[in-house]
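User: I am new to this structure and would like to learn how its features are read, beginning with the surface.

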Amino acid sequence: MLDPRLLRTFVAIADSASFTIAADRLNSTQSTVSQHLGRLEAAVGQSLIDRSARPISPTPSGERLLGYARRLLALQDEAQTLLADPSGTITIRIGVPDDVVTQAMSQQFARFAERHREIRLDVTTGLSRDLTKRFRAGEFDIAIVKEARADGDARASFSEPLGWFEARDICNDWPDPIPLVTFPPGGLYRDLMIDRIERERRRWYIAFTGNSLGSVLSAIEAGLGVSVLPVSTVAAHAVRASSIFAADAPLVVSIYAWESDGATGELVAAMSEVLSDRPGEQINSKPLNKR
C-alpha cells in the first residue's frame, strides 16, 4: 500500500519542480518533504525525482508513477468527500399497500427527503397481512395496513369505504359463475369478495389476478370481471359501482410506527395527513406521543 501522504508529496514536487515550493504548498518543511520522498522511493524501490536536473524533474520511473499517483489521490479525495456528505446515511423502512403510494403520498416523501438529506426512505409495497407480520417482526419502522379493525398501538386509523366495481363502458349481465378480478391469494379484498359471494350462495371463478392496483383496475376497465376495491382508488378510471352486490362494510387503514418522535414521528404525521384526505371519515387519530 502506498501512503497517500507520500504520494501527495511526490506529486507536489513533480508539479512545482522544487522542494521549497512543494513544502510551501503542503504547509510543511523542506526536510519533511525530502523525508517523505525518500520513504516513497524506498517503498517502490526506485528513484522518482532526478535531483541533479535543473530544474528537478521526475525520473522515468517517476513519470510512470505520476499518473497513477494523481488517480489514487483523486479517488481518495472523492471517497472523503462522499463520506463527509451525510446524504442517505440513515434509513427509514416503510411498508405500505400499493394503492397508498399515491402522488400525494410520494410528494410528502419528497418534501421529507428534501428536509432530511441524511435519511433514505426505503419503501416496500405489499399485501396488508404480510406487511403487518413484517412490521411486528421489526422489518419496518413504519407500516400502513388495511385491516378489519385497528390494534391498540395504531398511531392513527381511517375508514376505508369499499365498493363492488365493473367496467363503466361495458354493459354486463354477469353470468353464473361470476368472474372475479382479484389480487393474489392472501389479499383482503380477494377474501372479502369470495366470502360475500359464498354467503349469497352464488358461484364464482377467478378470471384475472393482478399483482398491482393498476393491473387490477385495467382488467376491470376491460370487462374481465367485477372486483372489490377502495372507493378512494377508482376516481380516475373507467369503472363504475356494480349493482351485483351492495357495498361491504368499510375496512380500516391504520398507520403503525415503533417511534413517535424525531424524524420518524414527523414522517408519520405527514403520512397521516395524506391518509386523512382520502375519501372516508377519519375514525381515530392518536397524538404522536412517545411510547
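Analyst: Accessible areas come from the Shrake-Rupley method with a 1.4 Å probe, and for residues only the protein chains shown count as cover. By that method the chain exposes about 15400 Å², of which carbon and sulfur atoms supply 51%. This is a predicted model, in which local features need pLDDT of at least 70 and side-chain atom pairs count only at pLDDT 80 or more, while totals for chains, interfaces and linings use all residues. Residues are numbered from 1 along each chain as its sequence is written, and side-chain values use heavy atoms, with hydrogens and water left out.

User: What does the secondary structure of the chain come to, and why is the chain more spread out than a compact globule?

Analyst: Helices (H or I, at least four residues) and strands (E, at least two) are DSSP runs numbered from the N terminus, and here there are 9 helices and 13 strands. The radius of gyration, taken over C-alpha atoms, is compared with a globule rule of 2.2 Å times the number of residues to the power 0.38. For 291 residues that rule gives 19 Å, whereas the chain has 32 Å, well over it, so the chain is more spread out than a compact globule. Along its principal axes, the C-alpha trace spans about 100 × 45 × 30 Å.

User: Which residues of H4 are buried, and what do they pack against?

Analyst: Buried means under 20% relative accessible area, exposed over 50%, and partly exposed in between (1.4 Å probe, protein chains only). In H4 the buried residues are Gly62, Leu65, Leu66, Ala69 and Leu73. With contact meaning heavy atoms within 4.5 Å, these buried residues of H4 pack against helix H1 (4-16), helix H3 (30-44) and strand S2 (57-58).
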